[in-house]
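Subject: Structure handover and notes on helix packing and cavities

Dear colleague,

I am passing on the structure we discussed, and below it you will find my notes on what turned up when I went through it. Please read them with the structure open beside you.

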Amino acid sequence: MMNKALYARRKLWNGFFLVLSVLAATFGLIWLGFILGALFYNGVAAFSSRLFLEMTPPPGENGGLANAILGSVMMSALAVLAGTPLGLFAGTYLAEYGRYTRLAFFVRFVNDILLSAPSIITGLFTYEILVVKMGHFSAWAGAASLMVIVVPVVVRTTENMLLLVPNGLREAAAALGAPLSSVIQSVTWRAARAGIVTGVLLAIARISGETAPLLFTALNNQFWSSDPNAPMASLPVVIFQFAMSPYEDWHRLAWAGALLITATVLTISIIARILQPKRSH
Amino acid sequence: MADIALVEQMSRVPERTLAVRKGGARDTRFRLLTLVAALIVLAIFAGVMASLVIGAMPAIKQFGWSFVTSEAWNPVTEKFGALASIYGTLVTSMLAMLVAVPVGIGIAIFLTEICPRPLRRPIGIAIELLAGIPSIIYGIWGLFIFAPWFQEHVQTRMVDAFADIPYLRDVFAGPPYGIGIFTAALILSIMVLPFISAVTRDVFETVPSVLKEAAHGLGCTTWEVMWRVVLPFARSGVVGGAMLALGRALGETMAVTFVIGNAHHIQGSIFAPGTTISATIANEFTEAVGDLYLSSLVEMGLILFFITFIVLASAQLMLRALEARAGSAT
């Protein structure tokens, strides 16, 4: 008789916690739906071709986000162009040359800290070393600040992907008499190419929404500017400025910009996920 | 004929040594290149620390320890103390973890045990999308959609419900503004959820099936297997994932800046507006006039960097230890 009560209680607890875990998953999915739904609803209403053709307006006038889109694309491109080789080489050092050295251990540790460090800190860092020295805000500083975010992402994925390349490939190439640098460049890099591209895509996705590092490096610019030596607008900073303002039409533009960024970021991350090679256990 | 072939081969020997030497030189160059890149990563880190310390020097000299114990924040009289911001940072992150850790573990359990197999990947990806949404999107959504809804439907009810209970009455005191510390914490918890559930799910999958099967064989229910076998086995990984998420929550800027309300004083109620280190920097840096003001903001950045460094470093040590164990097990 006692056993029956015990069984019943255990079954009850089991059911209770399993239901809770289903609720937990629902909780996560509901927020995702809530956020994407609101974004879509408000963003689409404000979407028009004007967005891509006209500059950010003063309050009360019509306008678009063309200068902000240009700024975001330019600064992200500069950051990725500068950050990718650096990250690729550093990741190669960690996986190929220095794999078990103390230096590599240290670099790996520091890199993982940088990977999750608050992005506003990279803004402060760039402000101190570039904006103060140059005496003015500029797109160079904005791009440098984004680069500090790109590098650790590329380093981490490059190292992970190179480690997935079987040693047999390296040994085979070395046995043919290829110097180590050729082994790396023409065999291991090539074998890990899809994964490394994934890393770069993830880095792009990560920086296209970053606001905090741009606030006091690239600042903002109301006009069309492609001069990297001058302050430059960017989508996230414009969204921040417009959303925090009391003007209705600025709010609408902010929503349109938000939809634009999210669509870009999610598309890139989905492409990255498709490219990503399956990890073997 | 054979002699000619031999002669030909001999004549190639210097060519080959030349090629080998050339390859060697290229090797050294490439090796140096990668080494320099790795050192640059270290230099960036050192540069971040050095620039923050140098930038914060004037404020450190002026205020000393009182900077972290004082709540004063007055740009006019140039009296600065970071206590309110530090308090806001810690409280929002802690509250966020209080929600996100159990829910994140719940999601991991759902994904590994309950979810039908064909749905596992899509649902897993959907949850991870939450981490892919830029933080400014959480900010604008929080400000325009979530905060008004929360104010109308949840906050007022909570204030009423706790009105007669001592202590809790003060923690959940009105007026319900919609924005405030609690709202910021809730949004943070949604943002860090995927970090916890992804790491937890990955560690759950490293638990040898034999262990689970043995427990099931003894007659354990699914929950008992999870609670007594899987969770203890995966403990350090779960804690590591939670620390990683905590590191994110502590430094999160935009989502918090939109909804925290920017008030530089500490209030007992978690519905009250407050501020965090990152929100203060984001809001005030470009408008800060005077070296002492700027330097105080930089010193706050230094404090934030220090806190997140400790959290992230311990997260790493835990996850590394786990990786080493997983490596030796296979």
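At roughly what angle do the axes of helix 4 of chain B and helix 7 of chain B cross, and within what distance do they come? Bearing in mind that this is a predicted model, the axes of helix 4 (residues 117–132) and helix 7 (residues 181–206) of chain B cross at roughly 135° and come within 7 Å, which makes helix 4 of chain B oblique to helix 7 of chain B. The crossing of these two helices of chain B is left-handed. On the side of helix 4 of chain B, the contact is formed by Gly124(B), Ile127(B), Glu128(B), Leu130(B) and Ala131(B), and these meet Ile190(B), Pro194(B), Phe195(B), Ser197(B), Ala198(B) and Arg201(B) of helix 7 of chain B. Sorted by class, the residues of this contact are seven nonpolar, two polar and two charged.

Helix 7 of chain B also packs with helix 3 (residues 83–114) of chain B, at an angle of about 40° and with the axes 5 Å apart, so that this pair is likewise described as oblique. The crossing of helix 3 of chain B and helix 7 of chain B is right-handed, and their contact has 24 nonpolar, seven polar and two charged residues.

In chain A, the axes of helix 4 (residues 102–116) and helix 6 (residues 139–164) come within 9 Å and cross at roughly 130°; helix 4 of chain A and helix 6 of chain A are therefore oblique to each other, and their crossing is left-handed. Helix 4 of chain A contributes Arg108(A), Asn111(A), Asp112(A), Leu114(A) and Leu115(A) to the contact, while helix 6 of chain A contributes Pro152(A), Val153(A), Val155(A), Arg156(A) and Glu159(A). By class, that contact is made up of five nonpolar, one polar and four charged residues.

Of the residues lining the largest cavity, five are nonpolar, two polar and one charged.

With best wishes

Methods: Residues are numbered from 1 along each chain as its sequence is written. Chains are lettered from A and ligands numbered from 1 in the order in which they are written. This is a predicted model: local features need pLDDT of at least 70, side-chain atom pairs count only at pLDDT 80 or more; totals for chains, interfaces and linings use all residues. Side-chain values use heavy atoms; hydrogens and water are left out. Axes are lines fitted to C-alpha atoms, for helices over the stretch in contact, and angles run from 0 to 180 degrees between N-to-C directions. Helices (H or I, at least four residues) and strands (E, at least two) are DSSP runs, numbered from the N terminus. Angles under 35 degrees count as roughly parallel, over 145 as roughly antiparallel, 65 to 115 as roughly perpendicular and the rest as oblique. A crossing is left-handed if the near helix is turned anticlockwise from the far one by less than a right angle, and right-handed if clockwise. Contact means heavy atoms within 4.5 Å. Ala, Val, Leu, Ile, Met, Phe, Trp, Tyr, Cys and Pro count as nonpolar, Asp, Glu, Lys and Arg as charged, and the others, Gly among them, as polar.
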